[in-house]
Every structure is written in structure tokens, then in C-alpha cells.
Amino acid sequence: MALLEIRRVSRAFDGVLAVNEVSFQMDEGETVSIIGPNGAGKTTLFNLITGLDRPNEGDIRFDGESLIDLPPDAYARRGIARTFQHGRVFGNLSVLDNVLLGAHSRRRATQARSSFLHLARELFYGLFWPSSVRQEEQALRAEAEMILAQFGERLLPRLHQPAYSLSYANRRRVEIARALMLKPRLLLLDEPTAGMNPAETAEMLEFLHTLKARGQTILLIEHKLSLVMKLSDRVVVMDEGRVIAEGAPEVVRSDPRVIEAYLGHHRTGEGVAADEVAASQAPRAVVADFSEGAI
Amino acid sequence: MESFLRTFSDQTINGLVIGNIYAFIAVGLALIFGVGNLINFAHGSVFMVGAYVGWVCMTWWNLPLAVAFVVVALVCALVGMAIERFALYPLRGAPPIAPLLATIGVSFMIDQAVQLLFSRNPHAFPNPLIEHRFQVGGVTVGAIDLLIAGVGVVAALTLYAFLRFTRWGWALRATAQDREAALQMGVNVNAVNRMTFAIAAALGGIAGLLVGMYFNTVYPTMSFQATFKGFAAVVLGGLGNVPGAVLGGLLLGLIESYGVAIFGATYRNLFAFVILIAVLVWRPDGLFSLKPRVAQEPLTGTFIAKGRPVPTPKWLIAPLIGVAFVLPILVPNPYLLQILTNAWLLGMVALSVTLVTGTAGQTSLGQAGFMAIGAYASALLVLRLGWPFELSMMAAASISAVLGTLLVFPAFRLRAAYIAIATLAIGEIVNQIILNWEGLTKGAMGIAGLPPPSFLGWQMIRPHEIYYFSLALLCLAALTQWRLVRSPLGRTWRSLREDEIAAQAFGVNLNRYKTLAFGVAAWIAGLSGAVTGHMYTYISHETFTNTTSILALTMVILGGMGNLLGAIVGAVTLTALPEVFRGLADYRYLVYGLTLLLVIRFRPQGLLGTD
Amino acid sequence: MSASNGQPLLQLKNIDTAYGPIQVHFDLNLHVHAGEIVCLLGGNASGKSTTMKVILGLVQPLRGTVLFDGRAITGLPTPQIVRLGIGSVPEARRIFAQMTVRENLLMGAYHRKDRRAIADDYERMLALFPRLKERLHQRGGTLSGGEQQMLAIARALMGRPRLICMDEPTMGLSPLYVDRVLALIQQINAQGYTIFMVEQNAHLALQIAHRGYVLQNGRIVMEGSAQALLNDPEIQDAYLGEKQ
């Protein structure tokens with residue numbers, strides 16, 4: 001059974017379909033990338049998969065269970081973690097606290113069955129710090145440091161610095177560490193290398209390779225296609241809300257529809273469909289409309 | 001039946017006339033919100049300035065009414081421009097809550113300045129019109145009604161023509177619709193901002209003059225009521241929607257007028273607050289928008305400046321507490337002890353504010369409402385049920401926690417400036433309920449004869465006794481809060497302050513954690529209210545007002561948001577400062593307002609830094 | 001039109017720009033001569049739109065100078081830059097949605113004082129854009145995307161600019177309107193207007209442009225005549241992957 005299954009999902013904003021009948025699935029352990037030009041609907045799709053937004057139509061199933069009617073905070077509890085396109089670290093929290101928050105839905109206090117019990121537990125634990133809570137906190141802390149250690153000396157020396165003081169690349173790393181702290185069954189990364197220089201990008205690629213080798217399931221949005229090609233098992237190409245191609249990286253890369261989506265429509269070049277040639281001749285006729293008066 | 005019809009039509013006329021005035025206020029607020037995306041808390045103060053300038057024109061200078069209108073409009077326009085220039089323009093680029101807080105500071109300053117100039121007492125406002133009431137088809141209409149209606153129509157037409165047909169009017173509309181595009185057309189948007197303030201202030205001032213004439217009186221506290229009526233009208237019509245503001249004003253006037261006819265005059269102010277909350281929560285785009293959608297709100301809900309807290313060495317805490325404990329022995333001055341007792345009790349309120357606003361990021365201006373609930377609960381438990389104080393105090397705090405959280409709960413979905421208005425309104429609703437639920441609270445009479453606080457047989461009558469008791473409670477509250485904010489719970493609270501979306505993506509249930517924050521805060525504020533009530537031995541709906549709420553927030557901003565020691569330092573500073581410099585006592589609110597303005601402008605992280 | 005003496009009308013020299021810790025431009029250099037159509041191409045997040053904002057004074061560069069007609073305009077407030085003669089067709093058009101088509105057009109001439117000439121230009125725009133003439137008293141927000149783009153261009157022309165900056169003028173338009181807009185750009189250029197445009201749609205933009213620059217991760221990686229760029233096989237790489 002597929003881990004994630006997206007079935008004919010659509011989402012419209014003010015009548016414009018940002019995501020238009022998108023379907024695809026991914027299996028446990030796979031790395032799938034979604035690529036496409038700006039405004040293709042990639043981030044909207046991420047928001048739908050993580051419960052921050054709701055589809056107008058379609059179904060999203062995770063491990064066989066439909067997620068559509070769950071409250072946003074339930075998605076994390078099922079093991080879905082994400083990073084954000086423009087970065088959403090908690091600016092005034094320390095690096096360590098940022099990462100620890102990733103474990104929020106794993107903490108004992110949040111496992112209560114009713115909201116009342118949950119609140120009572122949080123309050124009790126917060127006031128009296130029973131030893132079980134101390135131990136849990138210490139274990140999580142050790143785990144967080146282990147995760148941060150995977151970035152070498154990038155973040156460990158900055159453990160107690162507020163996240164806003166970090167460089168852009170480091171903030172992205174913190175976000176990924178926070179997501180890993182959830183022990184995600186599905187990790188969604190939205191442009192993890194945006195704003196990174198080539199050296200940092202190469203480092204991130206290596207890191208993602210390690211994750212992948214460990215069997216982490218990854219759904220990736222990325223613009224740096226060389227990275228996508230090296231990392232992905234499969235690539236899903238979106239344009240204007242639709243999936244226009246899907247398949248192995250090499251196949252997708254040479255797909256004419258993909259090239260067209262990125263470069264724009266060839267109007268006079270070779271191999272253009274007949275109806276497009278017709279459209280390209282329209283301007284001559286239209287010019288007459290404009291040229292009535294001089295500017 | 002006939003008398004009912006007459007009453008009904010009289011109330012309709014009444015409502016429309018008052019509504020007309022609300023519309024004046026609301027249009028100004030809508031213009032400012034539209035152009036500057038700012039909720040202007042100083043608008044009512046400008047309105048009051050208009051009323052006083054009108055009063056001066058007519059009683060001191062005996063100017064004709066028409067001239068008074070012109071003078072009022074000009075003076076208020078200047079005041080509006082000055083507010084924009086000196087309080088708001090320097091805050092460009094600051095988080096959106098900063099200019100809002102600055103306008104609160106400005107309103108404190110203007111209100112106190114007017115009090116100093118003209119005294120707290122109301123002045124009779126002469127009515128220059130002929131006292132004649134017309135009977136039109138069974139409806140009674142006075143000359144003043146006609147004047148207000150006439151001025152309203154003329155002003156509406158003038159504004160419409162200005163916006164529609166003049167270059168500046170176009171610049172204003174373009175800026176309101178798309179500030180960046182307007183810039184690219186060559187519009188000087190800063191000048192447009194200032195002009196908008198001038199127009200809004202002139203309209204507000206004229207409204208003040210009309211209200212003075214209508215009720216034949218001017219008084220300093222008319223300012224706050226006007227601000228709130230304006231907010232309610234603007235929210236009804238949809239924030240930033242000018243025609244909507246006019247309709248919202250008229251509608252509010254009618255609702256109030258009919259409501260008063262049905263329930264009685266003391267209910268007058270309740271309607272505006274209830275409408276405000278209801279619309280904000282259930283229809284944030286106002287009644288007249290065609291397709292309701294969630295109003296745009298900034299993501300950061302509170303006023304947290306970057307910067308780390310000033311490190312406070314742990315060893316310093318014990319000596320500080322020690323000094324506070326030996327002080328009554330060293331300086332047995334009852335006056336000083338009384339002031340410090342106030343500081344400790346207000347310090348608890350400041351702690352509660354710093355929890356919801358600083359740590360959890362929900363800007364609260366309604367903390368006095370929790371105090372009032374605590375004070376009344378304790379008073380009633382002691383006086384009616386004969387409970388001992390130590391028990392009633394704890395019960396009162398818990399009642400405040402439960403009731404307070406339930407009251408704020410509908411506003412949980414709001415953020416930033418909206419939750420600030422909503423909590424302010426909730427604080428006000430608490431006082432309105434106290435005023436009107438006479439069977440329980442004795443209404444406007446208040447409750448007298450509260451026994452002084454006692455603890456296990458210890459009756460606290462002398463100043464140093466209550467001093468120690470409140471100091472102990474403050475330390476207890478600080479310790480409780482310190483444990484909470486240092487725990488994983490505190491981390492979760494901070495995460496929702498920083499970014500609700502990201503917190504939610506990691507499984508944080510926003511409503512539950514807001515409930516917890518408001519619950520704990522209302523508990524502490526309620527406890528402070530209970531002790532304060534018994535210390536005063538008398539409480540009424542005027543004991544715990546929005547002024548206290550705003551003062552508590554100012555203390556927190558001064559000390560540094562989310563900073564526990566900062567809240568206490570802020571409380572001591574602002575309580576003691578006007579007393580230490582005895583000359584300042586009369587200028588107390590001027591000091592508070594100025595402090596707020598200066599801190600926001602020059603040290604947004606507060607004295608001890610945000611945490 | 002001035003600047004036929006070889007001095008470019010617009011010149012960006014050594015521009016570095018950053019949003020907080022994210023650097024957007026690295027030593028950006030480009031120029032536009034009077035009478036040209038120059039396009040700045042690039043994929044997602046390459047820094048194209050920020051270039052427009054730097055020229056218009058909406059974003060201040062960390063380093064470097066923007067010269068307009070030989071004069072440094074870096075640091076000037078946007079309204080003043082507009083008054084000097086740089087018109088803008090912003091990204092996503094940014095029509096004043098609640099104002100009528102007529103008001104939108106006249107807003108374009110907001111910074112001008114010559115009433116009579118404005119009236120003349122207004123008449124000319126109506127002649128040039130018959131669709132807008134039919135919709136003069138409709139609100140801008142009720143127009144279709146293509147009509148809004150026409151309005152945005154007409155609004156910019158109303159300012160009698162010496163240089164028009166267009167940010168993705170074909171974005172989100174139907175194929176028919178894409179062609180109309182491109183034809184229109186070519187036509188107004190023939191009337192003597194200098195045009196600097198940012199485009200993602202490389203093939204289309206290069207068909208009407210004289211010269212082009214390709215921006216990748218904040219650096220100019222290619223420049224040349226439109227024909228040369230069109231025929232360059234590497235342009236595909238520049239869009240679809242990094243040059244290693």
C-alpha cells in the first residue's frame with residue numbers, strides 16, 4: 001500500500017484553480033520531487049498535505065487513512081513533518097528550542113485523550129516538573145543535539161542563539177532538524193536549498209542523500225534541477241496547477257512538455273504544433289487594432 | 001399602540017441622529033485604517049478635543065456656531081497631523097502592533113492634557129440653537145437633530161466629492177487600494193497618510209462638537225466611549241470601508257436607541273461592545289461585504305522586538321526580595337508602603353499580561369476585566385456566603401480563570417490588532433455586566449463593606465501587613481509563572497507567539513494553548529483583583545477599568561515583553577515614578593502615555609529585554 | 001528622446017542586493033540604450049523582480065549605483081524616480097481595483113501638471129485601446145486579466161515616461177492576450193519608447209527584444225543580442241539546471 005496517496009485533489013482561490021485534479025502516490029522509502037515554474041501550485045499542494053489548507057475536492061490518504069477531515073494538529077501526530085518555502089523558524093527561540101518543538105506531538109503531555117486532560121497534564125508538568133518529565137526533556141535534548149550534530153559544526157556552537165541571528169542557510173538547516181525531530185514517516189521539504197550558495201547546496205545534497213539512505217521518505221520541492229535529478233527516485237512536474245509529467249528523472253528532463261513549461265511556449269521555433277503557429281500569427285491582425293492613433 | 005408607535009418613531013429619529021455622529025467618527029477611523037492599515041486608538045481623544053475647542057469657541061470667545069465649526073475642524077486637523085508626524089511616522093517599518101500601541105499612548109496624553117486644562121468636571125455646553133421642537137407627522141424633531149442631520153449630509157457629500165473628483169482624493173484612494181502601485185504612479189504616500197489623518201481628525205472633531213451640543217455637556221472621559229463606538233461602527237461596516245462606516249454608524253445608533261428603549265439607559269454602552277466582538281469573531285469583513293472572507297491579519301500577533309533579555313544573575317533575586325521584605329522595617333512610612341503594595345498588586349496583573357502578550361503572543365487589553373471578576377467573586381463569596389477570605393480568594397481566582405477564558409474564547413481565532421480590540425471590549429463588557437446585573441452586583445452602587453484581607457486568622461489592617469501579603473503573593477505568582485515558562489509548555493507558548501502556522505504544522509493545538517495561557521493569566525489577575533477589592537473595602541464597576549489594563553500593558557512594554565522581572569520592574573517604576581516626583585502626580589497619565597511612546601520608539605525591547 | 005550620444009539611458013553598476021541575510025544580486029551590471037527593448041530573463045527566484053524594485057527605488061541595494069540618463073538615482077524616493085521619467089508596469093499589473101478605468105488611466109499622469117497635454121494623451125490612449133474606451137466607467141477590478149494588462153500599460157504611458165519598466169507583462173494571460181501584449185510592446189517601442197522588461201517566458205520575450213540578459217541565482221550568466229540568445233543552446237541549461 002502506498003504511504004501517501006493523493007486522489008484528484010483540487011484547490012481554488014477566488015475561482016482560480018491553484019491545484020487542479022492532482023493525483024499521485026508515493027511509497028515508503030521513496031524520494032519524490034515536485035518541480036515546476038512559479039505559481040504551478042507546488043506549495044499549495046504541500047499546504048494541503050500538511051493540513052494547513054483544505055482541498056475543495058479530492059482525497060488525501062496517509063497510510064490508508066483519509067486526512068481530509070482531521071484538524072491541522074493531527075497531521076503531525078501521524079508523522080507528517082515539513083519545512084517551509086520562505087523559512088518559518090521561530091525567530092526569538094533558540095536553535096535548541098526550535099528543534100525541540102519538532103517533538104511537540106511526541107511529548108507525553110500531548111498524548112492525553114481529551115483536551116481537558118491534555119491541559120491539566122501540561123499545567124501539572126509545567127508547575128511541578130516531575131522526574132518523568134525531566135527525563136523525557138533530557139532525552140529529547142540529547143536527541144536534538146544528535147540531529148544538529150549531523151550538520152557538523154554549523155549549528156552545534158549556536159545551540160542557544162536565537163534563530164533570527166542565524167544565516168539563511170543555517171535557518172534552513174534548523175527547519176530540517178526541527179522536522180526530523182518529529183521522527184517523520186513522511187518528510188516534506190519546500191525548497192531546502194533556496195538562497196544557498198553552490199557549496200552549501202552541495203552539502204545539503206549530501207545530507208539529503210544520507211537521509212535517503214537511511215530509508216527516510218521524502219517529498220521535495222526544489223528549483224535546482226541538478227539536485228533534483230541526482231536525488232529523486234521519481235519526479236512529478238506541475239504547471240498551472242496540473243501534473244503535466246511524472247516519471248524517472250532522466251525521462252522527465254527531456255520531456256518536451258517540461259521544457260516548454262519552464263522556457264515558455266515556442267511560437268516560431270521548429271516542431272511547433274499547428275494550432276500554435278496559427279496563434280502566433282494573430283499579432284499581425286491585432287496590430288491593426290492598435291495602430292489607429294499615434295502615441 | 002399609538003404611544004408605542006410614537007416611541008418607536010422617536011427612538012428611530014434619536015438613533016439616526018446619534019448614528020450620524022457615530023458615522024462621523026467611524027468614517028475617520030475607516031479612512032485611517034484604509035490608508036495606513038492602522039487602528040487608531042487616539043481617535044476618540046481628537047473627538048474630545050473637538051468638543052472642548054467648540055466649547056471654548058462658544059463660551060469663552062462667543063463665536064458664532066459656523067465659525068466654531070471651522071475652528072474645530074482646523075484645530076483637530078492640526079492635532080491629527082501632529083499625531084501622525086510625531087507618534088506614527090517614526091514607526092514606519094515597525095511591527096503593526098507598534099503604531100497601535102503608540103496611539104494608545106497618545107490618547108492617554110491628550111486625555112490628561114485636556115483634564116489638566118479644563119478640569120475633570122463636566123462643563124455645560126450652551127445650545128446656540130433655538131429651543132424648538134417640530135412635530136412632523138407625530139414625530140418630534142428638534143433643531144439640533146436637523147443641524148446634525150444637515151452637517152452629516154453636507155460632510156458626506158463633501159467627502160464623496162473630494163474622494164471622487166480631486167487629485168488628492170484620488171491619491172488617497174489609490175494609496176488605500178495599493179500602496180506600492182500608488183508609489184509607482186508618483187504618489188507621495190507619506191503626505192497622503194498625513195492628509196488622511198487631518199481629514200479624519202477634522203471629522204472626529206466636528207463629531208465632538210455635535211455631541212457636546214446634543215447632550216449639552218463636555219467631559220474628558222467622553223473620549224474612550226467615542227473611540228469604541230467608532231470601532232464598533234467601523235467593524236460593522238467592514239474595516240477600511242468608508243460607505244460601510246456610514247451605514248455601520250447609523251445602524252449602531254439605531255440598535256442603541258431601540259436597545260435603550262427596551263432594556264433601559266444603563267445598557268447603552270453594552271450594545272457597542274457586544275456587537276464589536278460578535279462581528280469581529282463571526283463576520284470579520286463586516287455586514288456589508290458581499291463575500292465574507294477572513295480579514296487579512298499580520299502574522300506576528302504581539303510586540304516582540306529582537307534582542308535577548310538583559311541577563312539577571314540568579315544571586316540577585318534573593319537580595320532583591322530581601323530588600324523588599326526588610327523595607328517596611330527600615331522605612332516605616334505608611335504612604336510609601338501603600339504605594340508599593342499597589343505596585344505589587346499591579347505587578348501581578350503585569351505578570352499576567354506578560355504571560356498572554358509576551359510569552360503566548362496574544363496582545364491583551366482586557367486584563368482589568370479578570371481583576372473585576374476576581375474582586376466581585378471574592379466579595380460576594382465573603383459577604384453573601386460568609387466564606388473566609390483565604391478560601392474566597394482562591395475560589396475567586398479560579399472563577400476568574402474559568403469565566404475569563406470563556407469570555408475570551410471566541411476571540412481566539414483573531415490575531416494581532418484584532419485580539420487587542422476584542423480583549424479591550426471584553427474587559428468593558430465585564431464592567432457593563434457588573435453595572436447592569438443589579439441583583440448580583442448592586443449595579444452602579446457598588447459593593448461596600450468588604451472585610452480586609454485575612455489569612456488563617458491574621459487580619460491585615462495595618463499598611464505593612466497587606467504589604468507583606470501582596471509581596472508574598474507576587475513572589476508566588478512570579479515563581480509559578482517562572483516554572484511554567486521554563487517548561488516545555490513555555491516553549492510551546494512561545495512557538496505560537498512566533499509563528500502560529502509553523503506551530504500548527506508541528507501539532508500544536510492553538511486553541512488549547514491559548515486557553516491555558518489565558519486561564520493562568522486570568523487566575524493571577526483575578527487573585528490580584530480579589531486582594532485589591534478587599535484592601536479598598538469598596539468596589540464598583542469603575543474600580544477596574546480599561547485604564548488599568550492599558551497601564552499593565554505599558555508596564556510590561558517598559559520592562560520588556562515576556563520578561564518576568566521586567567514586568568515587576570515596570571510595575572514598580574510606573575507606580576512609584578509619579579509619587580517619587582511629587583510634582584508628577586497630577587500628570588500621571590501624561591507620564592504613562594509618554595513612557596509608552598518613548599519605549600516603543602527608542603527601546604522596543606524594554607528595559608530588561610524581551611524573553 | 002535624448003541619449004543618442006552613446007550614453008545608456010539606464011545603467012545598473014555593480015549592484016548587490018539582499019533581503020536580510022539572503023543575498024539576491026551579486027555584482028549586477030546591465031544597461032539599456034534609448035530606443036531599445038531589453039529583456040531580463042531568468043527562472044524562478046533568480047532575482048528578476050528585485051531588479052525592477054531596485055530601479056524603481058522600492059528596494060535599496062547594498063552597494064552599487066543606478067544611473068538614469070547619467071544621473072545617479074539610487075536612494076531617491078520612488079515618486080521622485082517616477083517624476084524623472086521611469087514608468088512602471090508592475091508585476092501582476094496592480095490595477096487600482098476599486099477605481100474606474102478612467103481614474104486608473106489618469107492616475108498614471110498623477111505626477112504631471114500639464115493638464116492640457118494630459119487630456120490629449122488621455123484621448124490618444126482611448127484611441128489606442130478601444131477596449132478600454134468601452135469600459136471607461138467600470139471598476140478596474142472587473143476587467144479580465146488581459147484587459148488589465150492593457151490598462152496597466154496605458155496607465156504607464158500616461159506618465160510620458162522615457163523608460164518603461166515592465167515586470168512579467170505576459171504572466172497569467174491567455175495565449176491570445178500574450179500575443180497582443182507583445183505586439184503592443186513592439187508597437188509602442190516603434191513610437192520611440194524605451195522598454196526594459198523582466199520575463200520568465202524566454203522564447204516570447206526574445207522574439208520582440210533587441211537584447212537580453214539571463215539572470216541566474218542573482219548573477220548575469222549570459223547577455224547578447226536577442227537573436228544570439230535565441231540560438232544559444234545553453235539557455236536551456238540556464239533555465240533547467242545550473243551550469244556546473
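Reader: How much area do chain B and chain C bury between them, and what share of it is on carbon and sulfur atoms?

Author: In this predicted model, chain B and chain C bury about 2000 Å² between them, with 59% of that area on carbon and sulfur atoms. On the side of chain B, the residues that lose the most area to chain C are B:W170, B:Q184 and B:M185, which together make up 37% of what that side buries.

Reader: How many residues of each chain are in contact across this interface?

Author: Contact is found for 17 residues of chain B and 25 residues of chain C, where the cut-off asks for heavy atoms within 4.5 Å.

Reader: What makes the pair B:R173 and C:E103 a salt bridge?

Author: The term asks for a side-chain nitrogen of Lys or Arg within 4 Å of a carboxyl oxygen of Asp or Glu. The side chains of B:R173 and C:E103 meet at 2.8 Å, N to O, and this value is within 4 Å, so the pair is called a salt bridge. Across the interface of chain B and chain C the rule finds four salt bridges, and it also finds six residue pairs in polar contact.

Reader: Which elements of chain B give two or more residues to the side that touches chain C?

Author: They are α6 (167-177) and α7 (179-184) of chain B, and α6(B) gives the most, with six residues.

Reader: Why is A:D73 called buried?

Author: The word is used for a relative accessible area under 20%, and A:D73 has a relative accessibility of 8%, so A:D73 counts as buried. This residue is found in helix α2 (residues 72-77) of chain A. Leaving aside neighbours within four places in sequence, A:D73 is in contact with B:Q504, B:G507, B:V508 and B:N509. Of the 295 residues of chain A, 56% count as buried.

Reader: What is the phi of B:N62, and what is the phi of B:T537?

Author: Most residues other than glycine have a negative phi. B:N62 is not a glycine, yet has a positive phi of about 50°, and B:T537, also not a glycine, has a positive phi of about 65°.

Reader: How do you know that helix α13 of chain B reaches close to its expected span?

Author: Helix α13 (residues 334-359) of chain B has 26 residues and reaches 35 Å from its first C-alpha to its last, which is close to the 38 Å expected at 1.5 Å a residue.

Reader: What makes α13(B) mostly covered, and what is found at its start?

Author: Of the 26 residues of α13(B), 21 are buried. At the start of α13(B), a side-chain oxygen of B:N333 reaches to within 2.9 Å of the backbone nitrogen of B:Y335, and just after α13(B), B:G361 takes a positive phi of about 80°.

Notes:
Residues numbered from 1 in each chain as written. Chains lettered and ligands numbered in written order. Predicted model: local features only at pLDDT ≥ 70, side-chain atom pairs only at ≥ 80, totals over all residues. Heavy atoms only, no water. Helix = DSSP H or I, 4+ residues; strand = E, 2+ residues; numbered from the N terminus. Expected span 1.5 Å × (residues − 1). Buried < 20%, exposed > 50% of the residue type's maximum accessible area, 1.4 Å probe, protein only. Polar contact = N/O pair within 3.5 Å; in protein donor to acceptor, adjacent residues only side chain to side chain. Buried area = accessible area lost by both parts, 1.4 Å probe.
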